[in-house]
Every structure is written in C-alpha cells, then in structure tokens.
Amino acid sequence: MKYSFCLFAFILLFSFRPYAQDTAYIQPAALGVHVFVNDFIQTDKSAATGIALNYLHGVTPRTDVNATVGGSFPASTFSHRQDGEKHLLLEADASIREKLFRGKRPFNPFLAAGLGVARYAVYYGAFLPAG
C-alpha cells in the first residue's frame, strides 16, 4: 500500500507540465477609441467633450509605442479671449511605454514619455505626455 501511494504521488507530481508567464510575449497592435472632456479654468466653467483615436504597438516584450490623435470643439481655451466661435482643438502625441515586467501579466506598471502638438484656431502648442 505504501509503495503504490508513493508511486501515485510521484506520477501525480511529475506528470503535469509547469505553467509560467510567457516572457517572449509582445503586445499586438491595437486600435482604440476614447471619449474625453476638456475642462479649462474659465469663469463660465464650460467643458467640451471630444473623441480620440489611439494606436498601440509592441516593439519588444517590455517596450510599446503609442500614438494618439484627438479633437474637440471648446468655446475657448483662453480665459481672456472669448469670441463665441467654436474652433477645433486638435491634439496629437507619440510616446514610448516602458513596462516594469516582461511578458503578459495581469498587473504590469509602466513609465511613459513622449512628445505632443496641439492646434486651436491659429494657435499652436507643444506638450510632453509623461507619467
């Protein structure tokens, strides 16, 4: 009896293949649609809803490239200038994401850094998305 129990335990322990995280996993290309709200500090407290398209592509198991283009129609982005017309506020950015862990994980913190440009009426701006 003791021999058959040891044999059964040995077969049970060593017959299953171990499962581990896949460290060679690279994020596949993904396209996303986002809805956002631009809320500028003004006296009338107006907020403008916008829409954005996002493209994410994995380069290595820890590095991803991200590009976003978004637009909205706020009443004005300046507190001192309100002409009543709504112009397109167009924003575009490209960034790199560096993940803490390799492979596919349920929780994987990351750092992101990039460069973005914005256009509103005749005004242009630049911003640095980081986090």
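I looked up K99 and found that, at 7% relative accessibility, K99 counts as buried; the term means under 20% relative accessible area, with exposed over 50% and partly exposed in between (1.4 Å probe, protein chains only). The model is predicted, so I noted that local features need pLDDT of at least 70 and side-chain atom pairs pLDDT 80 or more, while totals for chains, interfaces and linings use all residues. Residues are numbered from 1 along each chain as its sequence is written, and side-chain values use heavy atoms, with hydrogens and water left out.

I next looked for the partner of K99. K99 forms a salt bridge with D64, with 3.5 Å between the closest N and O atoms; a salt bridge is a side-chain nitrogen of Lys or Arg within 4 Å of a carboxyl oxygen of Asp or Glu. K99 belongs to strand 4 and D64 to strand 3, 35 residues apart. Strands here are DSSP runs of E with at least two residues, numbered from the N terminus.

I then examined D64 itself, which is buried at 0% relative accessibility. The side chain of D64 also meets that of R97 in a salt bridge (2.9 Å, N to O). Because R97 lies in strand 4 and D64 in strand 3, this pair ties together parts 33 residues apart in sequence. R97 is buried, with a relative accessible area of 18%. I recorded D64, R97 and K99 as a linked network of salt bridges.

I searched the whole structure and found 3 salt bridges. One of them joins the side chains of R62 and E98 (3.9 Å, N to O). R62 lies in the loop between strand 2 (47-58) and strand 3, and E98 in strand 4, so the pair ties together parts 36 residues apart in sequence. R62 is partly exposed at 30%, and E98 is partly exposed at 34%.

I checked D93, also in strand 4. D93 is buried yet has no salt bridge, and the nearest side chain of opposite charge, R97, is 11 Å away; Lys and Arg count as positive and Asp and Glu as negative, with His and the chain ends not counted. Beyond four places in sequence, the contacts of D93 (heavy atoms within 4.5 Å) include N66, L115 and F127.

Finally, I traced the pairing of strand 4. Strand 3 (residues 63-72) and strand 4 (residues 89-99) pair in the antiparallel sense over 10 bridges; pairing requires at least two bridges found by DSSP. Strand 4 also pairs with strand 5 (residues 110-120), antiparallel over 11 bridges. The open sheet has 6 strands in the order 1-2-3-4-5-6.

Key: Helix = DSSP H or I, 4+ residues; strand = E, 2+ residues; numbered from the N terminus.
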